[in-house]
Amino acid sequence: MTSAPATHTRPAPASADPGITVEKVGGRLGAVISGVRLGGDLSPATVAAVRAELLRHKVVFFRGQDHLDEDSHEAFGRLLGTPVAHPTVPSLDGRYSFPIDSDHGGRANQWHTDVTFVPAYPAFSILRAVTVPPYGGNTIWANTASAYANLPEPLRALADGLRAVHSNDYDYAALRPDAVPEQLARFREVFASIKFLTEHPVVRVHPETAERVLLLGNFVQRIAGLTGRDSRALVDLFQSHIERPENTVRWQWQEGDVAIWDNRATQHYGVDDSDDHERKLRRVTIDGDVPVGVDGRSSVLLSPESVPDPAFGIASGNSAA
């Protein structure tokens, strides 16, 4: 494969915190960070080190964070940025901690980047394992920067000029043929209660690393300007490169684990293979910025033209991890 030109990337700075150890768990993304007790009282140097490793490895994992609760989880999130609520799903007691439970929409089985149906979708997601099943229930992440960098040059050139329309109004029943009526009703009445359409560049320039990353996932409705068949063929083509095994890392959850991922440079997939066993996770998402394409054009909100809360234009969230 042909690599992308060196000018397309700028590696994140290495960690300078002597109290942190980092062990890679995948060749293209993923690392375990040890020596950190997450919470709102971390020093600026430790936060900077965690952020640097997060940008470098795309997703980082912390074991043994059982001390975290809703408050300390959110307090840690504020050290990385501004927590934001889901744009359509009401929060619990005004908290930013979002429940992802096996009995409450927490079985995904689909590749996605969180909430790309709004312009400024989240920069980071912080996911905490509360209850894990005895088997299964893993989460897989994919590196959308390495997926782009390893495209053949003609495909990189093609992707650079494309834009795609993302929406939260998709065929949930087709993706979840085993969904019970209550799940279908919840999707229509809550998750799709306000229907968003946003046009993003298929390739965005990462605002912190300057990497070019593919911006796709299950919220893509169509490639702008193309017919349905041509659009689907291109989406499937580029998505297949994102999902290649060498671009992924798989995490087997333990209670007390925390995963933090760069939502601007990854997709993820919550594997629904734990039968009827309970799985409970809690997620805090951190506000992002409006993507900019290779040509300098920003993402655009197509619909609705106005929303009940201005924060909806920049809020985050989505489905299971």
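# Exercises on a predicted model

Of the 321 residues of the protein, 56% count as buried, where buried means under 20% relative accessible area, exposed over 50% and partly exposed in between (1.4 Å probe, protein chains only). The model is predicted, with local features needing pLDDT of at least 70 and side-chain atom pairs counting only at pLDDT 80 or more, while totals for chains, interfaces and linings use all residues. Residues are numbered from 1 along each chain as its sequence is written, and side-chain values use heavy atoms, with hydrogens and water left out.

**Exercise 1.** Determine the strand order of the open sheet that contains β7, and the direction of pairing.

*Solution.*
Step 1. Strands are DSSP runs (E, at least two residues) and helices likewise (H or I, at least four), numbered from the N terminus; the protein has 7 helices and 17 strands.
Step 2. Two strands pair if DSSP finds at least two bridges between them. Strand β7 (residues 139–143) is joined to β13 by 4 bridges, and the two run antiparallel. Within this pair, W141 has V249 of β13 as its bridge partner.
Step 3. The open sheet consists of 3 strands in the order β13-β7-β15, with antiparallel pairing. Its edge strands, each pairing on one side only, are β13 (248–251) and β15 (266–270).

**Exercise 2.** Identify the residues that touch the most other members of the largest nonpolar core, and the elements that contribute to this core.

*Solution.*
Step 1. A nonpolar core is a set of buried Ala, Val, Leu, Ile, Met, Phe, Trp, Tyr and Cys residues joined through side-chain atoms within 4.5 Å.
Step 2. The largest such core has 22 residues, of which V36, L38, F62, L80 and I260 touch the most other members.
Step 3. Two or more residues come from each of α1 (44–57), β3 (59–62), α2 (70–80), β6 (124–131), β14 (258–262) and β16 (280–286). Helix α1 gives the largest share, 5 residues.
Step 4. Leaving out residues up to four places away in sequence, L80 touches V47, R51, F124, I126, I260 and I286, a contact being heavy atoms within 4.5 Å.

**Exercise 3.** Locate A85 in the chain and state whether A85 is buried, partly exposed or exposed.

*Solution.*
Step 1. A85 belongs to the loop between β4 (83–84) and β5 (98–101).
Step 2. With a relative accessible area of 29%, A85 is partly exposed.
Step 3. A85 and I286 stand 201 residues apart in sequence, and their C-alpha atoms are 8.9 Å apart in space.
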